[in-house]
Amino acid sequence: MAEERTMKEMHHMPRTEEEKKNLLVRLRRAEGQIRGIEKMVENDVYCPDILIQVSAVQSALNSFNKELLTCHLKGCVAQDVRNGNDASLDELAELMKKLM
């Protein structure tokens, strides 16, 4: 089980500045969209228009997840596998079950 693993067993590779920048851009985009939705609710905007914006936020967060997952696969998981630590693959499988 992933919860039983220690930090010693799992390797976290620091994100590059470019990875951080890309992730933060995606988060800030979603944050801006959420603020827009708040204003739409405050201004009593037509429900379908709000729902379309909510869908856009979900899409933005999905893009963030894809970017972060790619970083995790190429960095942490790849490094662990190269070092013979296949426990990261089990953790990844559990993560994918939660994401899907």
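## A tour of helices and salt bridges

Select Lys97 and Glu94: both sit in helix H3, three residues apart, or about one turn of the helix. The model on screen is a predicted one. Show the two side chains, and you will find them meeting in a salt bridge, with N to O at 3.1 Å. An α-helix has 3.6 residues a turn, so residues three or four places apart point the same way. Side chains of opposite charge can pair when their charged atoms come close. Now colour by accessibility. Lys97 is exposed, because its relative accessible area of 58% is over 50%. Glu94, at 37% relative accessibility, counts as partly exposed.

Is Asn85 buried or exposed? Its relative accessible area is 17%, and the limit for buried is under 20%, so Asn85 is buried. Follow the side chain of Asn85 to the backbone nitrogen of Ala87, which it reaches at 3.1 Å.

Now select helix H1, residues 17-42. How far apart are the end C-alpha atoms of H1? They are 37 Å apart, and this agrees with the 38 Å that 26 residues should span at 1.5 Å a residue. Within H1, pick out Leu23, Ala30, Ile37 and Met40, which are buried. Just after H1, stop at Asp44, where phi is positive, at about 55 degrees.

Return to H1 for its charged side chains. Select Glu17 and Lys20, which lie three residues apart in this helix, about one turn. Their side chains meet in a salt bridge at 3.6 Å, N to O. Glu17 is exposed, with a relative accessible area of 61%, whereas Lys20 is partly exposed at 38%.

Further along H1, select Arg35 and Glu31, four residues apart and so separated by about one helical turn. What do the side chains of Arg35 and Glu31 meet in? They form a salt bridge, 3.5 Å from N to O. Arg35 is partly exposed, with a relative accessible area of 44%, and Glu31 also counts as partly exposed, at 43%.

How many salt bridges does a search of the whole structure find? It finds four, among them Lys97 with Glu94, Glu17 with Lys20, and Arg35 with Glu31.

Conventions. Residues numbered from 1 in each chain as written. Predicted model: local features only at pLDDT ≥ 70, side-chain atom pairs only at ≥ 80, totals over all residues. Heavy atoms only, no water. Buried < 20%, exposed > 50% of the residue type's maximum accessible area, 1.4 Å probe, protein only. Polar contact = N/O pair within 3.5 Å; in protein donor to acceptor, adjacent residues only side chain to side chain. Helix = DSSP H or I, 4+ residues; strand = E, 2+ residues; numbered from the N terminus. Expected span 1.5 Å × (residues − 1).
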